[in-house]
Amino acid sequence: MRSFKWLAPAIYIVFLLLPIYWLLNMSFKTTNEILGAFSLWPQDFTLANYRKIFTDSTWYGGYLNSLAYVAVNTVISVAAALPAAYAFSRYHFLGDKHLFFWLLTNRMAPPAVFALPFFQLYSALHLFDTHIAVALAHCLFNIPLAVWILEGFMSGVPKELDETAYVDGYSFPRFFVKIFIPTITAGIGVTAFFCFMFSWVELLLAKNLTSVAAKPIAATMTRTASTAGYELGLLAAAGVLTIVPGAFVIYFVRHYIAKGFSLGRV
Amino acid sequence: MIGKTTNQRAWLLVAPVVALVAFNALIPMMTVVNYSFQETFGDNVFFFEGFKWYQQVLTSERFHASFGRQLVFTGVILAIEIPLGVAIALAMPRSGPWASVCLVLMALPLLIPWNVVGAMWNIFALPDIGLLGRAVNGMGIAYNFTQDPVSAWVTTVAMDVWHWTSLVVLLAYAGLCAIPDAYYQAAKIDGAGAWAVFRHIELPKMKRVLTIAILLRFMDSFMIYTEPFVLTGGGPGNTTTFLSIDLVKAALGQFDLGPAAAMSLIYFLIVLLVCYVFFTVVMRDEEK
Amino acid sequence: MARITLERLRYSYLADPAADADWALRRIDVEWADGGAYALLGPSGCGKTTLLNIVSGLLRPTRGRVLFDAADVTGLDPADRHVAQVFQFPVIYDTMTVYGNLAFPLRNRGMAADAVDARVREVAAMLDLDGKLARRASRLGADDKQKISLGRGLVRSDVNVIMFDEPLTVIDPQMKWVLRSKLKEIHRQSGITMIYVTHDQTEALTFADTVVVMYEGAVVQIGTPVELFEKPKHTFVGHFIGSPGMNVLPCGIDAGGVIFDGERIPLDVSTGRAAQEAASLELGVRPEFVRFSDDGFAVEIAKVDDLGRHRIVDLRRGGHVIRMLAGEDDAIPSENPRIRFDPAYTRVYRDGWMMAGESGR
C-alpha cells in the first residue's frame, strides 16, 4: 500500500503559500484592477509598483534603513553573546543560574511595555531616529536568545579542546579567536540567523524609535496605508520585497535549521 | 553535560551582555515603575499616587476584558498549533531533498515582518478583493472580518496559525531527527504499532523541544501586537483588542501614563509568573 | 527455534550498484545451526551490522534469500520473523518501568495479563532484575538497561534468534566481564540461537562456539576459536585475530618447498606446483610459533618488549620484521640468534588465501 503521509505537509505548505501568492498577485496589478474586477492572476500585468519602490528614495531608503539596523544588531548581539555563552557553558560563578534566568526574562518582556520608556531613553541620549538606537533596543530580546543558542552549541564542544590549547601555551583571547570560534561556526551561523530574523520582523520598537532618517520599510508601509490613500498594489509590492531577504537567508542556512532548533536548552 | 569549574572571573565575560541588556531593561523598567506610582497633568509635573493606578487597572472592566480575550486567544492557538505542528513534523520526510524543501518553505512565514503578515492577511481575507474572503462568501457563509466579531476572531487565529505553526513544526522536527534509528528498530522488533511508537518513543523524546515550543508560543502569543493591530485594529469594537493593543492604546494613544505603566507591570508580572511556574515544574520533572 | 540459512546474499545501500565497491555485502553463504552461539567478527565497516539487520528483517537483501528452517522469510517484517535484537546503545522505553519494558513485546502481541506477568517475572529472575521491576527504566545504569533490552527478547517464547550488535560498547570495563558471563549462562539456560556482532576478538572468542570472520563485505572464515588461531584461512584473519597478529612474509616456492629471503623453510604440508604461477605468495606464522633454534636461520634482535608474563621480540631479517612471543623463562640469546618456524603451524598464502587441500593436519 502506498503511504499518503506526504499529504499533510503538502497541504500545510499550500496553506502557507496561498496568502503569499495573493500578495504577489496583487503586487503585479494596478490599483484600478485591484478595486475593479476580481481575478486569480493579474489581467493587466504591471511592474509599475516595483518601479516606484526602486526609484523613490522614501521607499528604497526604508529597505536600507531596515537592513542597516538589523545588520548592526546582529553583529552586536553575536559579539557580546559569544564570551557570555562561553562563560555559561564552561564555568560556575556566583549567581550564574539567576543571571541566566534574568536574561531570559527579557525575552519574555512584551515590547509594548517598553515602547514609551524606550522613546524617552533614546531621546534623552539624542539617539532618537538613528540606526544605532534600534539596533541597541533590539538587543533586549536578541542577546538573551543568542546567549541561549550559543550556550547549547558550546556545551557540545568537549572541554578537552580548551585544556589542550592552554597546555599548548595559548592565552585565552588567542585560543578563543583562533581555535574556539572556528569550531563553532555552524552555531554562530544559526545564532546570526535567529538574530536577523527577530530584528527583521520586529516593528513596534523600530517604529517608535524612528521618524525619518532611520525609518524601517515596514513603517513606511503602515503610513502608506493610512495617509497616501489606499495604494494596495504598492503596499503588496513592498510586502513582497520584505520577504526576499528572509527567503535569501533561509536558503543559506537550510542545512542548519533543524540543528539550530534542537540545540539550546530550557 | 560537561563538568564545570568554578571561576568568578567568568563575570568579566558576561559583563558586556549584562551591560547591554541592563541598559535596555533596567532604565526603562525604572521609568515605568516610576510612572506607575504618579499622576501627571503634563509639563513634567508629577504627584505621588501610591497604588491607586494598580487598583484602578486591576478593578477595571476594560483590563478584565482584554485579559480575558488574551487568555482565550493564547489557549486557542496553543491548542491548535502544538498538535498540528507535531502532526506535520511526524509526517515530514526525515531526509533527502524533500526534507530541505519542506524546511525552507515552512520557515518562510517566520521571516516576514509582522506588520506585513497583518497586511498580507488583510488583503487575503477582505471580502471584496481577498481570495479567502471571496472563497468563504462564495460557499454561502457570511464572512467579513472588519464587521463581524466571529469572522474577525477566526481570521486572527488563522493568521497566527499560519504565522507560527512552522516554529512548532521545526522544533518538533529537530526533536524527531535526534532519535536514534535503534529505537525505531527495537520497536519494530517488539511488535509496537504506530501509536505505541508515538506514545512511548517519539513523544517522550520530543518532550524537551515541545517544552520550548509551548513556552515560546505562550510568551509570544501573550505579547502579540503588530499582526492583529494591522489586520483588525483591535476591532470590530474591542473584540480583538488583546493586552498589548490595549496597552499601547492607553500609553501612546491617550497618554494615560500612570495607568498604562501600572498595566505594563501587571502584564509583565503575569507573563513572568506563568513562565516561572512552567520553568520550575519542568525542571523538577527533569531532575526527578 | 530454527536453523538460519543465508543463501547467495548480496546487499547494497545504493539503488543501482555496479562496481564491486558499491556492495556492502558482496556475497554471503552461511548456515547457523539451531541453538548455537555465534560471533560475527570484523573491523568497523566490514558489513557485519548490515548482515545482522538483514537477518532481523530491518533491511531487505538486494539479492539472495534468508531461510529460517525451510521457510523463506526474506520478505517478512521483523515482528513476523520472531527475532530479537540488542543494540549498541541500550534502547529502553523511558515512559515505562522495568516491568513495563519487559512486558511491552508481549502486550503488543495481545498476550493475557497473567501469562505476561508470569513470563516477565521468570525472565527478570534470570537477569537478576527482579528487585528492580517497579523502578523507572530510564533511571538505571547502562548495564541494567542492556539487560532490559535483552530481556525484551527473552520474554517471548517464540524467538528464533537473539542478535547482539556490539552490546557492550557503553558498558564499564569491569561490568563487561559480568555481563558477558551472564550472556553465556543465559545461552546455556535458554538454548536460543545467539548471534553476537563485535569487532573485539576477546568478546568474540570467549562468547562464541563458532566465529564468522568478515572482511570487506565477505565472509573470510567460519570456524571455532582454535581453528581461527591455528589455521587462519586468510592473511586478514591471521592479522586480525591474535595479539600480536600473524607474521606475514613474502616468499617464493621451488620444487623443494618454500623459500624466504634465501632460506628454505620446512613445512608439514606440500605446496604443490599450482603455486608457482601465483601472483603473490606469502608465508604466515604466528608469533607463538616462532622459536630460537640453533638449526634455524640467522636474524637480528631489534627490540624486546617485556609484558610481564611474556615478551614480544622484534626480529629483523633482510628488511622484514618478524615478531616472536617468548615466555618469561625463555632465554634470549645475546649473539648470533637463529630462529625457526614450527612446521606444523606455518602456512603459505596465495593472493591472501591459504593454500588449501594439502594440509597435513
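Reader: Among contacts in chain C between residues at least 6 apart in sequence, what percentage join residues at least 24 apart?

Author: The model is a predicted one. Chain C has 361 residues, with nine helices and 22 strands. Among its contacts between residues at least 6 apart in sequence, the share that joins residues at least 24 apart is 65%.

Reader: What percentage of the residues in chain C are buried?

Author: The C-alpha trace of chain C spans about 75 × 50 × 35 Å along its principal axes. Of the 361 residues in this chain, the buried ones make up 38%.

Reader: How far apart are the C-alpha centres of domain 1 and domain 2 of chain C?

Author: The domain assignment of chain C places domain 1 at 4-232 and domain 2 at 243-354. Between the C-alpha centres of these two domains of chain C, the distance is 39 Å.

Reader: Which strands stand at the edges of the open sheet of four strands in chain C?

Author: The order of the sheet in chain C is β11-β15-β21-β22, and the pairing is antiparallel. A strand with a single partner has one side left without a neighbour in the sheet, so the edges of this one in chain C are β11 (247-250) and β22 (353-354).

Reader: Which residue of β15(C) is the bridge partner of Val248(C)?

Author: β11(C) and strand β15 (residues 281-285) of chain C run antiparallel and are joined by four bridges. In β15(C), the partner of Val248(C) is Gly284(C).

Reader: Which chains share the most contacts?

Author: Chain A and chain C do not touch, and their nearest C-alpha atoms are 15 Å apart. Two pairs of chains are in contact, and the pair that shares the most contacts is chains A and B.

Reader: How do the residues on the side of chain A that touches chain B divide into nonpolar, polar and charged?

Author: The contact between these chains takes 79 residues from chain A and 77 residues from chain B. On the side of chain A, the division is 65 nonpolar, 10 polar and four charged.

Reader: Which element gives the most residues to the side of chain B that touches chain C?

Author: Here 14 residues of chain B are in contact with 19 residues of chain C. The elements of chain B that give two or more residues to this side are α8 (181-189) and α9. The side of chain B divides into nine nonpolar, three polar and two charged residues. With six residues, the element that gives the most is α8(B).

Reader: At what angle do the axes of helices α3 and α9 of chain B cross, and is the crossing right-handed or left-handed?

Author: Helix α3 (residues 61-91) and helix α9 (residues 194-222) of chain B have axes that come within 10 Å. Residues of their contact include Phe73(B) and Ile77(B) of α3(B), and Ile214(B) and Phe218(B) of α9(B). The contact residues of α3(B) with α9(B) divide into nine nonpolar, three polar and three charged. The axes cross at roughly 145°, and the crossing of α3(B) and α9(B) is right-handed.

Reader: How many residues of helix α8 of chain A are buried?

Author: Helix α8 (residues 160-167) of chain A is followed by Gly169(A), whose phi is positive, near 90°. The helix α8(A) has eight residues and is hardly covered. Its count of buried residues is zero.

Reader: Which residues are in contact with Phe175(A), leaving aside its neighbours within four places in sequence?

Author: Phe175(A) lies in helix α9 (residues 172-183) of chain A. Phe175(A) has 18 other C-beta atoms within 10 Å and is partly exposed. Leaving aside neighbours within four places in sequence, the residues in contact with Phe175(A) are Asp162(A), Ala165(A), Tyr166(A), Tyr170(A) and Phe180(A).

Technical notes
Residues numbered from 1 in each chain as written. Chains lettered and ligands numbered in written order. Predicted model: local features only at pLDDT ≥ 70, side-chain atom pairs only at ≥ 80, totals over all residues. Axes fitted to C-alpha atoms, helices over the stretch in contact; angles between N-to-C directions. Left-handed = near helix turned anticlockwise from the far one by under 90°. Contact = placed C-beta atoms within 7 Å. Nonpolar A, V, L, I, M, F, W, Y, C, P; charged D, E, K, R; others polar. Domains from an automatic or database assignment. Pairing = 2+ DSSP bridges. Buried ≥ 20, exposed ≤ 12 C-beta atoms within 10 Å, placed from the backbone.
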